[in-house]
Amino acid sequence: MADPELRRIRVYPVKSLDPREQSSVRIAEQGALAGDREYAIVDRPSDEPHDPETASVGGRGDYVNGKRTAAVHRLRSSFDPDGRTLSLRVQGEQERHSFDLEPPAAREPLNDWLSAYFGEPVSVRREPAGGYPDDRELMGPTVVSTATLEAVADWFDGVTVEGARRRFRANLEVGGVPAFWEDRLYADHGECVRFRIGEAELLGVNPCQRCVVPTRDPDTGAETPGFRERFLEMRERTLPAWAASDRLDHYFRLMVNTDVPASERDSRLRVGDPVTVLGTSPREA
């Protein structure tokens, strides 16, 4: 087995849409990866206020995301190199639509197109400092291992490793380790696990609680029959003996939520960086 190393970096420029793969990334001022979930689609016209601190992350709430509507999965998205022009198409259709994202007034054609697609008034908002993560307390990048994604894909007929990546949507993928290695990166409540990726120290805090999104086909949004039940069965069966934690209160959890100390922000992560577990420390409330 090779030594642990960072094998893949993915940021999601628009919350709930497709990722952009990068060879390196800076940690932004609030601890998120620069450019990750920098934009979000919200269920209100552009002239109505939006407060990300009170936005819902599921059900009927502010974000138009995969928790709320399977229609999100059918949107294919890409960015030009400068990250300010968004290209969209609907899965199964050939026509692409390109939209400017900056300045904010230039988003009106995009807002109109998305409103027609979703059948309700929506608009795209930007938060450059920290983006729009689901967990606003643990805003650091999410971490999983390549071997974990391979193992989970093997639990289901027709699910590829890339399909598993798109279902679980982690930021950082660690190679050179066995399946479920990332379960070493959290401890009990009141504690965290310190680990280093290249020049940056991160704090592993919580095994990520999953929602409806991984149960759906990432291209069509169609529900994969029995996905949750099979996942729960196999996650319990394959859970490493050393993964005892009072944070793992149920088995529909995969990958790790992190925090980044203020001293580490503006550090850079690079594919190929070594990953080193430093130890368990008390976590301040």
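Just after helix H1, Gly119 adopts a positive phi of about 75 degrees. This value, like the others here, comes from a predicted model.

Helix H1 itself covers residues 108-118, and its buried residues are Leu110, Asn111, Trp113, Leu114, Ser115 and Phe118. An α-helix has 3.6 residues a turn, so residues three or four places apart point the same way. What do the buried residues of H1 pack against? Their partners are strand S4 (39-42), strand S5 (75-79), strand S6 (85-90), strand S7 (97-100) and strand S8 (123-126).

| Residue | Strand | Relative accessible area |
|---|---|---|
| Ser145 | S9 (residues 143-145) | 0% |
| Ser281 | S15 (residues 275-282) | 17% |

Ser145 is buried, because its relative accessible area of 0% is under the 20% cut-off. Residues up to four places away in sequence aside, Ser145 touches Glu173, Val174, Val177, Pro178, Ala179, Phe180, Trp181 and Glu182.

Is Ser281 buried or exposed? With 17% relative accessibility, Ser281 also falls under 20% and therefore counts as buried. Beyond its neighbours within four places in sequence, Ser281 is in contact with Gly190, Glu191, Cys192 and Arg194. The chain also brings in Val193: its C-alpha atom and that of Ser281 are separated by 6.2 Å, although the two residues are 88 residues apart along the chain.

Note on methods
Residues numbered from 1 in each chain as written. Predicted model: local features only at pLDDT ≥ 70, side-chain atom pairs only at ≥ 80, totals over all residues. Heavy atoms only, no water. Helix = DSSP H or I, 4+ residues; strand = E, 2+ residues; numbered from the N terminus. Buried < 20%, exposed > 50% of the residue type's maximum accessible area, 1.4 Å probe, protein only. Contact = heavy atoms within 4.5 Å.
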